[in-house]
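Q: I have a structure open and would like to talk it through. Could we begin with what a contact is?

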Amino acid sequence: MSWLLTAYAVVAIAVGGYALRLARVKRALVSEIDAATRRR
Amino acid sequence: MARRFGMVLDAALLVAMAAGFGMIFFYAPIESEMGIVQKIFYVHVPLAWNAFLGFAIVFFASFRYLATRDPKWDARALAAAEVGVLFTTLVLITGPIWAKPVWGIWWTWDARLTLTLVLWLIYVGYLMLRRYVDSPERRAVLSAVVGVTGFIDVPLVYFAIRWWRTQHPQPVIAGGEGSGLDPRMASTLWVCVAALTLLFIALYRRRLAIEALRARADALREEADAARAEGARS
C-alpha cells in the first residue's frame, strides 16, 4: 500500500506544484499588465 | 465564453478525478500476482498516453509554425511540451516505484524504459533550447525543428514492447491475442484516462493563457521603452 500511496502522492505534489506555479506567474503578469496600462 | 468553458472543464475534471479514485480503491479488483501496487497502473498508463498527446501537439504545432511563421503555433507547441515533460517525468517516477516491489529493481535498460528516458531528454532539451536562444524568431524556428524531429521517438516508445523483448510488461490494450484486462480494470482505466486527459487539457489551457499574457506584457514594455526613447529625443 505504501508504494501505491507514494506514487499517487508524487503525482499529486508535482501536478499541484505545477498548477500553483502557473497561477503565480499568471498573477504576476496580470498585475504587470494592469500597472503598464494605468501608466499609458 | 472561454471562461465558461474553463469552468465546465474544471468541474468535469473534478468529477472525473473523484470517479477515478473511487473506482481505483473501491471497484477495480486487486491483481492476483502483484497485489495492490498494480493500481499504480491507473495513473502510470494515462500519464504516458497524455504525454504522447502533448508531444503530438508539439509536432503538429511546430509543423504549422514552420509553414506559417504564426507565433500562436509556437506558443501552442511550448505549452504542450511543458505539460508533456511534466507527465513524462511522472511516468519515469511512477514506473520505478511500481517496478521496485514487483521486479526487485528500480530500473533496467530495456528498450521501453530507455526510449522513454530518451523521450524525456529530447523534450527537456527542447525547453532548454528555448531558454538559451534570445531572438524570438530564431528560438521559434529552432524549437519547431526539434519539435518536429523529436516526435520520431514517440512511436518508438509505443512500439518498443511489441518489437523487442522487454522487462516492461507486454501491452494489455490493443496487444493482440492473449492480452486483455478484467472488465472492471478496463473500465477503471478508461475513467482514469478521461480524468488525466481533462487534467492535461486544463494545464495546457492555463499554460497557453500565460503565453498570451506574456506577449501582451512584452508589447506594453516595448511601447513604454519606445515612448521613453521618444521623450529623451525631444
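A: Two residues are said to be in contact if their C-beta atoms, placed from the backbone, lie within 7 Å. Please keep in mind that this is a predicted model.

Q: Stepping back, what does the secondary structure of chain B come to?

A: Chain B has 7 helices and 0 strands.

Q: What does the C-alpha trace of chain B span along its principal axes?

A: The span is about 80 × 40 × 30 Å. Chain B has 234 residues, of which 34% count as buried.

Q: What part of the contacts in chain B with a separation of 6 or more comes from residues 24 or more positions apart?

A: Such residues account for 77% of those contacts.

Q: Now the helix pairs. At what angle do α2(B) and α3(B) cross?

A: The axes of α2(B) and α3(B), the latter covering residues 71-103, cross at roughly 155 degrees and come within 7 Å. Because angles over 145 degrees count as roughly antiparallel, α2(B) is roughly antiparallel to α3(B).

Q: Is that crossing left-handed or right-handed?

A: The crossing of α2(B) and α3(B) is left-handed. Their contact consists of 18 nonpolar, 9 polar and 3 charged residues.

Q: How do α2(B) and α7(B) pack?

A: Helix α2 (residues 41-68) of chain B and helix α7 (residues 183-233) of chain B meet at an angle of about 45 degrees, with their axes 9 Å apart. That angle makes α2(B) oblique to α7(B). The crossing of these two helices, α2(B) and α7(B), is right-handed.

Q: Which residues make that contact?

A: On α2(B) they are Y42(B), V43(B), V45(B), P46(B), L47(B), W49(B), N50(B), L53(B) and G54(B). On α7(B) they are T188(B), L189(B), C192(B), V193(B), L196(B), T197(B) and F200(B). By class, the contact of α2(B) with α7(B) has 12 nonpolar, 4 polar and no charged residues.

Q: What about α4(B) and α5(B): how far apart are their axes?

A: Their axes are 9 Å apart, and α4(B) and α5(B) pack at an angle of about 170 degrees. This makes α4(B) roughly antiparallel to α5(B).

Q: Which residues meet there?

A: From α4(B), G125(B), Y126(B), L129(B) and R130(B) meet R139(B), L142(B), S143(B), V146(B) and G147(B) of α5(B). By class, the contact of α4(B) with α5(B) has 4 nonpolar, 3 polar and 2 charged residues.

Q: Finally, the two chains. How many residues does each give to the contact?

A: Chain A gives 21 residues and chain B gives 25 residues. On the side of chain A that touches chain B, 17 residues are nonpolar, 1 is polar and 3 are charged.

Methods: Residues numbered from 1 in each chain as written. Chains lettered and ligands numbered in written order. Predicted model: local features only at pLDDT ≥ 70, side-chain atom pairs only at ≥ 80, totals over all residues. Nonpolar A, V, L, I, M, F, W, Y, C, P; charged D, E, K, R; others polar. Axes fitted to C-alpha atoms, helices over the stretch in contact; angles between N-to-C directions. Helix = DSSP H or I, 4+ residues; strand = E, 2+ residues; numbered from the N terminus. Parallel < 35°, antiparallel > 145°, perpendicular 65-115°, else oblique. Left-handed = near helix turned anticlockwise from the far one by under 90°. Buried ≥ 20, exposed ≤ 12 C-beta atoms within 10 Å, placed from the backbone.
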